[in-house]
Amino acid sequence: MKKSNLLLCLPALVLIGVVVILNYGCGKKEAPSGGQTPAGGPRVPAVSSAVKTSFNEVTAQLDPGGNFYLYLGTAQWLDGLSTRVGAWRQAFTNMPSLKPDDAANINKVFDIVTHLIQDSGIEDISGVGLSSVEIEKGMFRNKALLHHYPGKGTGFLWQLAGKEPHPLTGLDLLPTETALAVFSDLDLPVLWTVAQKEVGQANLPQAQAWLEKLPAQFEQSTKVKWDAFLHSLGGEFGLVLTLDPSNNLAVPLPGGALQVPSPGLLIVVKVNDDTIFNRIDEQLRTSPKIVNTDRPGFKMRTMPVPVPFIGEFRPSAASSGGYLFVASSDALIDEAVAVKSGQKPGLKATDEFKHLAQGLPDRGNQFAYVSQRFAQTLIQVQQQAMAANAKTDPQWRQWMQTFFHGRPAFAYSVGLNTPEGCLTVGNGSQSYATSTLLPAAAVLGGMSAIAIPNFIKARTVSQKNACINNLRQIDAAKQEWALEKSKQSTDVPTEDDIKVYLIHNQLPHCPAGGTYTLNAVGQRPECSIPDHKLP
């Protein structure tokens, strides 16, 4: 049975978790002893749900006893959702004075939404679970589950990210300098089939026409048949970032050079044949600068390009062992292939990875790895950039430094499709309690830190402008009084003299609390607040 990609679902799960926590709380209560509550009253007996929930099924796969534990039943929200959408359709189409064209458009929108809900499999989601337990000082075991009952989960959302869990062969390609790696199953032929079906059902002529033209346009621009391209893909994609601390790269900045560990980028695509590589080879063959590397089971093409501050940039493409590689250098591809063949030790042989991988599945459909070195590099780059910028406000710089204290984050997680949904298990330096609640609090705090001063500044400017407008009215009233009463420029009016020339027959007040001095006719009125003055 085909399942979904929990990593793709995880941001939604985290958002749901934060909302639930903020609304209902998650404080664990200690059971009162002796059958009494802390207030001395009788214990309130526990009750059972009157409707079936997935609580037992979800919590059976979570770890209790940690600093974060969440269950959210979704069956009552999502079960029969397409039917409820149909009821909403009737409410919208029964609106008074609805034009026929508008009613047709409303029906079309509801048709699209209904088909997507029914075909996606979202109605099969029965619950969400999250847990975090500190398995050793500074490292947490995190679990996240998007649950459906056995026999469910046949919609396209559950199909796109692979089938049964398999050996994580992408790990066998990672060099020891790997700082960040993400690999995931993704069935693009299924995605193409789903797109054709959903657009066809939606009856959208423009979208249908675009999809019909897409294969021909792809073939025209790439010289590769669309069907051949789709069938050449093996259903797994990876992104790898390496950082070489022994070879720093100097990036010039106005305040000095920024030292960054030499980065390398590697894209990995599992393939069924060499359709894509052969097309790249054909396209590059005409260039005299191309470096060809061919040996049994391995083909690589490299295009050396001189780049300022870097030297020679060597983007490369290669085919070997059922994988297509596209990298920032041929050396990186060579190292990945050497690791896979066992000629060189890779990431799996490092102490950091061994520590993070303890107790985690060795089979799955996705994995993600973030090394401590990656987080350290980001911090160092940010600190160097701020230090190099002499114009940075010292208070702002000091505030930013508060984010760089503490231990750099690191994590390794595996996502796998199970008969009961999508499960992600990981070890890392952050628990869900800190990775969901604290960022939310930080965002709110940051927004407040920005918004409150801006609000105060805006209010100050508004008060100043209002005061200056008041001074204009007072000055105009003085001039009218002088004209009607034949006064000289040295004469000084009283408040009673000019209030008849003002709105509501009274002297306006400074909104910032200042006091007004009328002064002589030939002299402008003044406010006691220094910057509140007529131009």
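Entry 1: Is Glu282 buried, partly exposed or exposed? I looked it up, and Glu282 is partly exposed, with a relative accessible area of 47%. My scale here is buried for under 20% relative accessible area, exposed for over 50% and partly exposed in between, with a 1.4 Å probe and protein chains only. Before going on, I note that this is a predicted model, where local features need pLDDT of at least 70 and side-chain atom pairs count only at pLDDT 80 or more, while totals for chains, interfaces and linings use all residues. Residues are numbered from 1 along each chain as its sequence is written, and side-chain values use heavy atoms, with hydrogens and water left out.

The side chain of Glu282 meets that of Arg279 in a salt bridge, 3.7 Å from N to O. By salt bridge I mean a side-chain nitrogen of Lys or Arg within 4 Å of a carboxyl oxygen of Asp or Glu. Both residues sit in helix 10, three residues apart, about one turn of the helix. Arg279 is buried, with a relative accessible area of 16%. Helices (H or I, at least four residues) and strands (E, at least two) are DSSP runs, numbered from the N terminus.

**Entry 2: the chain as a whole.** I counted 16 helices and 19 strands in the protein chain. Of its 535 residues, 38% are buried. The accessible surface comes to about 30,100 Å², and 59% of that belongs to carbon and sulfur atoms. These areas come from the Shrake-Rupley method with a 1.4 Å probe, and for residues only the protein chains shown count as cover. I also checked contacts (heavy atoms within 4.5 Å). Among those between residues at least 6 apart in sequence, 67% join residues at least 24 apart.

Entry 3: How many salt bridges does a search of the whole structure find? The search gives 13. One of them joins the side chains of Lys299 and Asp274, at 3.1 Å from N to O. This pair links distant parts of the chain, 25 residues apart: Lys299 is in strand 9 (residues 298-302), and Asp274 is in the loop between strand 7 (256-271) and helix 10 (275-284). Lys299 is partly exposed at 26% relative accessibility, and Asp274 is partly exposed at 25%.

I also looked at Asp496 and Lys499, whose side chains meet at 3.4 Å, N to O. Asp496 counts as exposed at 54% relative accessibility, whereas Lys499 is partly exposed at 31%. Asp281, Arg285, Asp294 and Arg301 are linked in a network of salt bridges.

**Entry 4: the cores.** Next I turned to nonpolar cores, which are sets of buried Ala, Val, Leu, Ile, Met, Phe, Trp, Tyr and Cys residues joined through side-chain atoms within 4.5 Å. The largest has 35 residues, and Leu174, Leu266, Phe325, Ile333, Phe367 and Tyr412 touch the most other members. Helix 11 (residues 330-341) gives the most to this core, with four residues. Leaving out residues up to four places away in sequence, I find Ile333 touching Leu266, Phe298, Met300, Ser316, Ala317, Ala318, Phe325 and Ala327. A second, separate core has 17 residues, including Ala482, Leu502, Leu507 and Leu534.

**Entry 5: a strand with two faces.** Which residues of strand 1 (residues 68-73) form its covered face? They are Phe68, Leu70 and Leu72, with Tyr69, Tyr71 and Gly73 on the uncovered one. In a regular strand the side chains alternate between the two faces of the sheet. Phe68 is buried at 3% relative accessibility. Strand 1 runs antiparallel to strand 2 (residues 127-136), with six bridges joining them; DSSP must find at least two bridges for strands to pair.

**Entry 6: a loop proline.** Pro511 lies in the loop between helix 16 (495-498) and strand 18 (516-517). Pro511 is partly exposed, with a relative accessible area of 41%. Apart from neighbours within four places in sequence, Pro511 is in contact with Gln463, Ala466, Cys467 and Asn470.
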